[in-house]
Amino acid sequence: MTIDFAPFFSWPIMAALAVFAAILAALGLWRGIRGATLRTLALAALLLALANPILNQEDREQLSTVVPIVVDRSQSQETAGRDGQTDQTLAELQERFSRFPRIETRVVEVEDNAETDTPSTKLFGALSSALSDVPPARVGGAVFLTDGQIHDLPGVNQDLGFNAPLHGLITGQPDEFDRRVQIVRAPRFGIVGEEQQLTLRVFDDGRSTGGTADVTVSMNGEELETLQATPGVDTPFSFTVPRGGNNVMEFSVAEVPGEVTAVNNRAVHVIDGIRQNLRVLLVSGEPHAGERAWRNLLKSDASVDLVHFTILRPPEKQDGTPINELSLIAFPTRELFVEKIEDFDLIIFDRYTHRNVLPILYYDYISQYVENGGALLIAAGPEHAGENSIATTPLAQVLPASPTGDVHNAGFFPRLSDEGQKHPVTRGLDGTGQEPPAWGRWFRSIDVAEPEGQTVMLGDNNRPLLVLNREGEGRVAMLLSDHGWLWARGFEGGGPHVSLYRRIAHWLMKEPELEEEALTARAVGRTLEATRQTIGDDPGPATITYPSGRTETVPFTQSGPGLYRVEQRTEETGLFEVTNGDFSTLVHVGTVDAPEFQAMISTEETLAPYAERTKGLVARVTNGDSVTLPTILPVRGEVRINDPDRMVIRLTDETVLRGVNTVPLFAGFAGLSALLFAIAAMWWREGR
């Protein structure tokens, strides 16, 4: 309640009147005039009436005390029955707080963000957002309902935005134990075929079981080795990158009876395999128009180191020129095909004919090279159908087709076979979408008997034109025409010779993207995308095994010839396995070292420093099969001590103004009566 003034005249005038009245009153009192005291009171009453005093009375309403309850709904809360404890605790908390009308609770459910691929528990950020519209003085405290695994902890001395206790109610059991494996150091990239090293560590969170742990190491789904690791000690591991592109390494530690969860018993590291420059040996039997097409293509590829020889002067040629006067380089046959043959990733015979340049035994070395994992490409010309064809040498044992001796010279459009429409080497080549294909014709092909492997391109009268085959551990391709250079020269519009030649070469060198039967998967955010390549029929559905262990069968959708895809939105993050028939692949959705899947045991230690500083408490809610909560204690004023048994809530003194009632003290009959009384008293006194 307050008194304000609303004078009828300005304050300077009121001050002048007050000075005049004071002079009159002082003069009367000094001279002792009868009734001077009453005159002074009458003047004072008149001045007070002119000052117009007003009594103000505010109508205020007490504000509620806000207490946020931050509920942890992260994936770690789904283990060991914590989700049930959380639900039961939250229900009892709300019931207890409802007994205090002046306390307003705000329940904040904190889940993994479905748009991020790095799952973590961020409770303090959620708390700050929940109190963004609340003045700090109204916050009576905060309650965290969590397992204690929080990943956005501020500094202990950092201002939380309010001055009230922070309490932690911890789910889970006090004696929990969990074993996990973590990659400590690992390379992000590695050269294919070279040794790399990483370091892993096994952790025993909670009580330790002692001894060693078995860690199974797998690469791209294939088991490599089992390591013996001592918990808490770094364990090195050496490996070789098997292929280019993504390689998924999985480290799985054996599950221990009684541990909280097996979700973090696996760790994943993705290493990108980088090929050193591929070494290609190109041997041209003689100069011809198509020789430069192969050379230009291979030289333009920065990832290829090309060694090219052209046989210009066969041994049987005798023209009387002394050897020491020849400017030609002798063909280093022994060095190439005996001593260093294993150094080459691909050998190409371009219109090569057997003319005693290579000893017969060397063809057998080449066959062994292929069977042991090498790659061979035969670009055949008319000589392949002759009596000196390399098909008459020991090399024939790895060739997928034998020549019949016929050479067909007629214009034709190269076409894709049914298998070629599906095979990744030829699938989707520019120009295949119409009939005849939108490319130029060729005019020669070499006839062969029924080939082995896959015939992916056809010549005139559906004769084999491009044959791909696997032989032992290696691969062989035969291009049964020497007119591919017409596409390179732009004849009749040319054709996709660069794509075709490059795909053939990379398929021979076992690029994973060009496998005709393959299952691959990748993660785009929280979406798992699996692709099945096949030259057969519908491969059937895919089976997806989630990190939690549950499985789901999802049908593939055909997206093109020989190409089937499936897209699955996932709420879980971690290592997924996709299987289809005999094929399986691994893909990691989310960050491979996501904080949510590291430490999984419940703990009181993370929130204890914050509760200590703010005079709150941290307590476990589990009591056997039920939950037990500490008592709620509302107090007024600042909380000065920690109460180990009760959750102290600081009640706010904040109010909101609803209205103001004003009463003029000298208005109406009240003011008139006071003035009349003063004047009457003055007159009465003077009349005596």
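User: Hi! Which side-chain polar atom lies 3.0 Å from the backbone oxygen of A137?

Analyst: Hello! That atom belongs to the side chain of T652, and the distance to the backbone oxygen of A137 is 3.0 Å. Do keep in mind that this is a predicted model.

User: Thanks. Where does T652 sit?

Analyst: T652 is in the loop between β37, which covers 646–651, and β38, which covers 655–664.

User: And is T652 buried or exposed?

Analyst: T652 counts as buried, because its relative accessibility is 1% and the cut-off for buried is under 20%.

User: What does T652 touch, then?

Analyst: Setting aside neighbours within four places in sequence, T652 is in contact with Q62, L63, S64, T65, R102, A137, R138 and R636.

User: Nice. Let's move to another threonine, T606. Where is that?

Analyst: T606 lies in the loop between β32 and α11, and α11 spans 608–614.

User: What does T606 touch?

Analyst: Not counting residues up to four places away in sequence, T606 touches G148 and L153. With G148 there is a polar pair: a polar atom of the T606 side chain lies 2.6 Å from the backbone oxygen of G148.

User: Now E605. Where is its place, and is it buried or exposed?

Analyst: E605 is also in the loop between β32 and α11. E605 counts as exposed because its relative accessibility is 67%, and the cut-off for exposed is over 50%.

User: How far is E605 from Q149?

Analyst: In sequence, E605 and Q149 are 456 residues apart, while in space their C-alpha atoms are 9.4 Å apart.

User: You mentioned β32. Which sheet is β32 in?

Analyst: β32 belongs to an open sheet of four strands, in the order β28-β27-β31-β32, with antiparallel pairing. The edge strands are β28 (551–554) and β32 (583–589), each of which pairs on one side only.

User: How much are neighbouring strands of this sheet turned against each other?

Analyst: On average by 25°, with direction ignored.

User: How many bridges join β27 to β28?

Analyst: Four bridges join them, and the two strands run antiparallel; β27 covers residues 542–545. As one example, T545 stands opposite T551 in β28.

User: What about the sheet with β7 in it? How many strands does that have?

Analyst: That open sheet has three strands, in the order β7-β9-β12, and the pairing is antiparallel. Its edge strands are β7 (177–185) and β12 (234–240), each pairing on one side only. From one strand to the next, the twist averages 30°.

User: How do β9 and β12 pair?

Analyst: β9, residues 195–206, pairs with β12 in the antiparallel sense over seven bridges.

User: Okay, on to helices. At what angle do α5 and α10 cross?

Analyst: The axes of α5 (residues 291–300) and α10 (residues 497–508) cross at roughly 70° and come within 11 Å. The two helices are therefore roughly perpendicular to each other.

User: Which residues make that contact?

Analyst: On the α5 side they are W294, L297 and S300, and on the α10 side V498, Y501 and R502.

User: And how do those residues divide into nonpolar, polar and charged?

Analyst: Four of the residues in the contact of α5 with α10 are nonpolar, one is polar and one is charged.

User: Great, thanks for the tour!

Note on methods. Residues numbered from 1 in each chain as written. Predicted model: local features only at pLDDT ≥ 70, side-chain atom pairs only at ≥ 80, totals over all residues. Heavy atoms only, no water. Axes fitted to C-alpha atoms, helices over the stretch in contact; angles between N-to-C directions. Parallel < 35°, antiparallel > 145°, perpendicular 65-115°, else oblique. Contact = heavy atoms within 4.5 Å. Nonpolar A, V, L, I, M, F, W, Y, C, P; charged D, E, K, R; others polar. Pairing = 2+ DSSP bridges. Polar contact = N/O pair within 3.5 Å; in protein donor to acceptor, adjacent residues only side chain to side chain. Buried < 20%, exposed > 50% of the residue type's maximum accessible area, 1.4 Å probe, protein only.
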